[in-house]
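I opened this structure today to look up a few local details. My notes follow in the order I made them.

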Amino acid sequence: MTTQASSASQTSDERVLHVLEFPGGYTRSTGPVIGRFLTGLRSGRIYGVRTPDGKVLIPPTEYDPVTAAALGAADEDWVEVGPAGTVTSWTWVDEPRGDHPLDRPFAWALIRPDGADTALLHVVDSGSKAAMATGMRVHATWRAERTGSVKDIAAFAPGEGPAEVPVLAGEAELEPVSVVTLPHRLEYRLRGGTVWNHFIDGMAVGQIRGTRCAACGKVYVPPRGACPADGLPATEWVDLPDTGVLTTFAVNNVPAAGAPEVPFISGYVLLDGADIAMLVLVSDVPWQDVRIGMRVRAVWVPEAERTRSVKNLKWFAPSGEPDVPYERFEEYV
Ligand SMILES: [Zn+2]
């Protein structure tokens, strides 16, 4: 995984490619049931959990899907299943993507391990689509380096085995799995359209552009192609000043992709002449001194470094003018 939190670049068809990625991924606690399942995978064993009516569920669930009773509290509720099993359903992948488990064609399959009553979604490395069939027998193959993840099973292979589990060095000293880190990545392409492009063209030269509704006269920034109140085109462009009033704010102590180091301040600024507040960062001020009603001014990246991006507007900083009484902007809070 890269450490890049977010990025945008122009694609060959003039769309903009956006990538959102949380550096390091999401860290989550597993809870005792999933933790035990993952700890089992790390040791090269597949464990299901038994329900009060005797069914064995794989992957194990924390609650019985029928009665909602809590599951897995007692050791005897845990059942080792597999490592061989039966394919109950499958689909073929001719062209694996970069983040797929195998770099060659494979099948995604639902596999019911022997001794289980439900099926596990995993990969069958059969070599060819012709070798796949519902009802075929498969067995787990294991990675040498296992971390407590469903990916510790490298793939399922046709046949009954042998299911050799490579020894994991230092396993005896490892704590049970209780936390997992999940990568998170979102990639999408978009074409801005005329309104957004004109707004971005303004950003490239340090100008904030809004649109005005011909019917109600309200000014929207970032610009809207249509007035959300009237549903009519908002086609008149308005150059707005880069000053305004902070209508509300938050001190953020949780790191966020693309945001400054914590604690950082996000807030809504009502630009002078606008009728909607804009979500921005607030900086150049100790967080204890930030207040609603504070007058602020945009801080831009130096002219030579500007790009066609909203990131040209770094943040808003106190302008030093007197605070604005709440009554003057309460309509916009
Ligand atoms: Zn309107």
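I started at G206, which sits just after α2 and takes a positive phi of about 75°. I kept in mind that this is a predicted model.

Next I went back to helix α2 itself, which runs over residues 193-204 and has 12 residues. From its first C-alpha to its last I found 16 Å, close to the 16 Å expected at 1.5 Å a residue.

I then asked which residues of α2 are buried. They are F199, I200, G202 and M203. These residues lie on the same side of α2, because they cover an arc of only 155° around the axis. I noted the background: an α-helix has 3.6 residues a turn, so residues three or four places apart point the same way.

What covers the buried residues of α2? I listed the strands β14 (208-212), β16 (236-240), β20 (295-300) and β21 (313-318) among the elements that do.

I moved on to the zinc ion. Its protein donors are C213 (SG), C216 (SG), C227 (SG) and D230 (OD), and they lie 1.8 to 2.3 Å from the ion. Along the chain these donors follow the spacing C-x2-C-x10-C-x2-D. I checked the angles that the four donor atoms subtend around the zinc ion and got 106 to 115°, so the arrangement is tetrahedral.

Notes:
Residues numbered from 1 in each chain as written. Predicted model: local features only at pLDDT ≥ 70, side-chain atom pairs only at ≥ 80, totals over all residues. Heavy atoms only, no water. Donors = N, O, S within 2.8 Å, 3.2 Å for Na, K, Ca; no water. Tetrahedral: all angles 85-135°; square planar, octahedral: opposite > 155°, others 65-115°. Helix = DSSP H or I, 4+ residues; strand = E, 2+ residues; numbered from the N terminus. Expected span 1.5 Å × (residues − 1). Buried < 20%, exposed > 50% of the residue type's maximum accessible area, 1.4 Å probe, protein only. Arc of directions from axis to C-beta. Contact = heavy atoms within 4.5 Å.
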